Amino acid sequence: MAPQRRGAPKAPEGSGAAERRRPSSTKSVRAPREVQRKWLRTSVLGACAVLAGLLLWSSMGGDDGVTEVLAHRGEILPGRFIEVPCSEDYDSHRRFEGCSPRKCGRGITDTVITRDEAQRIRSIAEKGLSLGGSDGGASILDLHSGALSVGKHFVNLYRYFGDKIQTVFSEEDFRLYRDVRQKVQLTIAQAFGISASSLYLTKPTFFSRINSTEARTAHDEYWHAHVDKVTYGSFDYTSLLYLSDYLDDFSGGRFVFMEEGANRTVEPRAGRVSFFTSGSENLHRVEKVQWGTRYAVTIAFTCNPDHGIADPVFT
Ligand SMILES: *[C@@H]1O[C@H](CO)[C@@H](O)[C@H](O)[C@H]1NC(C)=O
Ligand SMILES: *[C@@H]1O[C@H](CO)[C@@H](O)[C@H](O)[C@H]1NC(C)=O
């Protein structure tokens, strides 16, 4: 109560001051009212122009931070490799000489997996994901663990469908998946100068289907910047095989390597393989999908045989 009472007398005093100032200001302004109006119009127009310019600048990519495209959607790259200094992330893990990254970097190739193979792999993803689907915009299917997004959770596809799963997937599907995994493994080994047999498939390895529907749970929030080795300790080399085309099948959804002073994007293209060492030298994120549906498969490798997993099998 006390503060209110003390403040109360101030109000008339304040408004009185405003009252006293008003007559003089009206007088001085009356003559150049036309000028003032013109000036006002000019400044409003000017502000609008500046605002429009800012909006245009931001829509043209001025502040989306993209500074370089490593792989355009339209180009067919036999192979591009960019070496980056390794982070210290590998030091806190057991080292496997001849496998644990000494040379770090990122690569992209469009000639290891054919468009036809990508199309067939995508059919596997479509079949499996059609059995479930997240309420939010991001669904996953892990053929190894059987994890499938359904609503706000995951189910185990193999447990849930039991023997009926054989009516969904064929032996050929699993063979194709294994062939693709092998080709990607060889590509990574070659690029980093290590033996393919020192690499082991590790989990999670999964299909993803992303559309523009708003996230419902944290599992749907794929767009945050992250380091794979921090998220999944077992990862040493991460790869992504894209199964749909940027701007034909969806927009947004570009992969972004984030560095101080530069963001570098990979535009998805069906059959494009993007791979990189999993440490913080390759901090990355995926842009939010704006429209359409983006399919990809994440295939990860470890140097630690204890973290290795077998290819999924048709049983
Ligand atoms: C890179 O992208 C992030 C997130 O979009 C942004 O905050 C950052 O400013 C960008 N960096 C550069 C150098 O453009
Ligand atoms: C996105 O996918 C979910 C299933 O995961 C579906 O319910 C939703 O309708 C889709 N949204 C759009 C915009 O296609």
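Which polar backbone atom lies 2.6 Å from an oxygen atom of ligand 2? Points on this predicted model follow.

1. The backbone atom belongs to Ser134: one of its polar backbone atoms is 2.6 Å from an oxygen atom of ligand 2. Asn211 places a polar side-chain atom 2.4 Å from an oxygen atom of ligand 2, and for Arg209 the distance from a side-chain N or O atom to a ligand oxygen is 3.2 Å. Ligand 2 on its own exposes 360 Å², and 49% of that is buried by the protein.

2. The residues surrounding ligand 2 are Gly133, Ser134, Gly136, Ser139, Arg209, Asn211, Ser212 and Thr213. By class, this shell holds seven polar residues, one charged residue and no nonpolar residue.

3. The lining of the largest pocket is made up of 17 nonpolar, nine polar and four charged residues.

4. Several secondary-structure elements contribute to the lining of this pocket. The strands β5 (138-141), β8 (200-210), β9 (237-242), β14 (284-286) and β16 (294-302) each provide at least two lining residues, as does the helix α7 (228-231). The most comes from β8, which supplies four residues.

Methods
Residues numbered from 1 in each chain as written. Chains lettered and ligands numbered in written order. Predicted model: local features only at pLDDT ≥ 70, side-chain atom pairs only at ≥ 80, totals over all residues. Heavy atoms only, no water. Nonpolar A, V, L, I, M, F, W, Y, C, P; charged D, E, K, R; others polar. Near = heavy atom within 4 Å. Polar contact = N/O pair within 3.5 Å; in protein donor to acceptor, adjacent residues only side chain to side chain. Areas by Shrake-Rupley, 256 points an atom, 1.4 Å probe, with all protein chains shown as cover.
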